[in-house]
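Me: Here is a structure to go through. Let us take it in short questions.

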Amino acid sequence: MGDFATVLGRPGVEEVCELRGPVGFMAYHGGDLELMTDVIARRAADAADASLYAVLQPAGMRAHFPSTTVVPGESAALAEFLDHVDIVVTIHGFGRRGMFGSLLLGGQNRGFAEHVGVTLRRHLPAYDVVTELDSIPKQLRGLHDLNPVNVPRHGGVQIELPPRVRGTSPLWWDWEGPELTPHTESLIDGLAAAAIAYRRGSDPG
């Protein structure tokens, strides 16, 4: 446990900022902390020509820090990213008994959460895509004003992903690749489609 600034200063931690389109993807608990979140964010951003901000912790390092400490004043790259994008999709990982098939869509921009949810339901019909805030555990709703998902001009959506859809659960013990698991590929396709549709002002489907 720690804070954002402390983790950024530790050896081996990599901060990534790529400025492209007005939709952004974030994964600041990436690397060995919340496995595959940075890979998913990068792949979706690349496919949608969207911007990317990520923090990658090296193998063996799993220093968790609260989202409320991820503030622009602690990182010039983060400040530049949040000033550049209009709206953001933040990728997190979680695991809770009884919710291994659930994707939780929090954040203050509820219209955007519904927009992304429509696309994810079409790409991942076997999963429960939850957009009703009352059905999301309070700690995972991403509603605090200091949470970076709510800082861009139009805020954004915080997506909590269980291990199964990230390809990190025992369900995939015999998956040999070389590509990502089918569920993870479908997730990335859905995220990219939602970002592209938002940018074009069209229906997310």
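**Salt bridges, buried residues and a helix pair**

Me: What is the relative accessible area of R20?

Reply: R20 is partly exposed. That class lies between buried (under 20% relative accessible area) and exposed (over 50%), using a 1.4 Å probe and protein chains only. For R20 the relative accessible area is 29%.

Me: What kind of model is this?

Reply: Residues are numbered from 1 along each chain as its sequence is written, and side-chain values use heavy atoms, with hydrogens and water left out. Local features need pLDDT of at least 70, side-chain atom pairs count only at pLDDT 80 or more, and totals for chains, interfaces and linings use all residues; the model is predicted.

Me: How many salt bridges does the structure hold?

Reply: A salt bridge puts a side-chain nitrogen of Lys or Arg within 4 Å of a carboxyl oxygen of Asp or Glu. One of them joins E18 and R20, at 3.0 Å from N to O. E18 is partly exposed at 21% relative accessibility. The total of salt bridges is five.

Me: How many residues apart in sequence are the parts that R20 and D46 tie together?

Reply: The side chains of R20 and D46 form a salt bridge, 3.0 Å from N to O. R20 sits in the loop between β1 (14–18) and β2 (23–31), and D46 in helix α2 (residues 37–48), so the pair ties together parts whose separation is 26 residues. Helices (H or I, at least four residues) and strands (E, at least two) are DSSP runs, numbered from the N terminus.

Me: Which residues are linked in a network of salt bridges?

Reply: D46 is partly exposed, at 42% relative accessibility. Its partner R20 is also in the network. The linked residues are E18, R20, R42 and D46.

Me: With which residue does the side chain of S75 make a polar contact of 2.4 Å?

Reply: S75 lies in the loop between β3 (51–57) and α3, and is buried at 5% relative accessible area. A polar contact is a pair of N or O atoms within 3.5 Å; within protein, one must be able to donate a hydrogen and the other to accept it, and residues adjacent in sequence count only if both atoms are side-chain atoms. The partner of S75 is E15.

Me: What is the relative accessible area of I40?

Reply: I40 is found in helix α2. Neighbours within four places aside, I40 is in contact (heavy atoms within 4.5 Å) with residues including I91, L161, T184 and L191. I40 is buried, with a relative accessible area of 0%.

Me: How do α4 and α6 lie to each other?

Reply: Helix α4 (residues 110–123) and helix α6 (residues 182–200) pack with axes 9 Å apart, at about 140 degrees. Angles under 35 degrees count as roughly parallel, over 145 as roughly antiparallel, 65 to 115 as roughly perpendicular, and the rest as oblique. Axes are lines fitted to C-alpha atoms, for helices over the stretch in contact, and angles run from 0 to 180 degrees between N-to-C directions. Therefore α4 to α6 is oblique.
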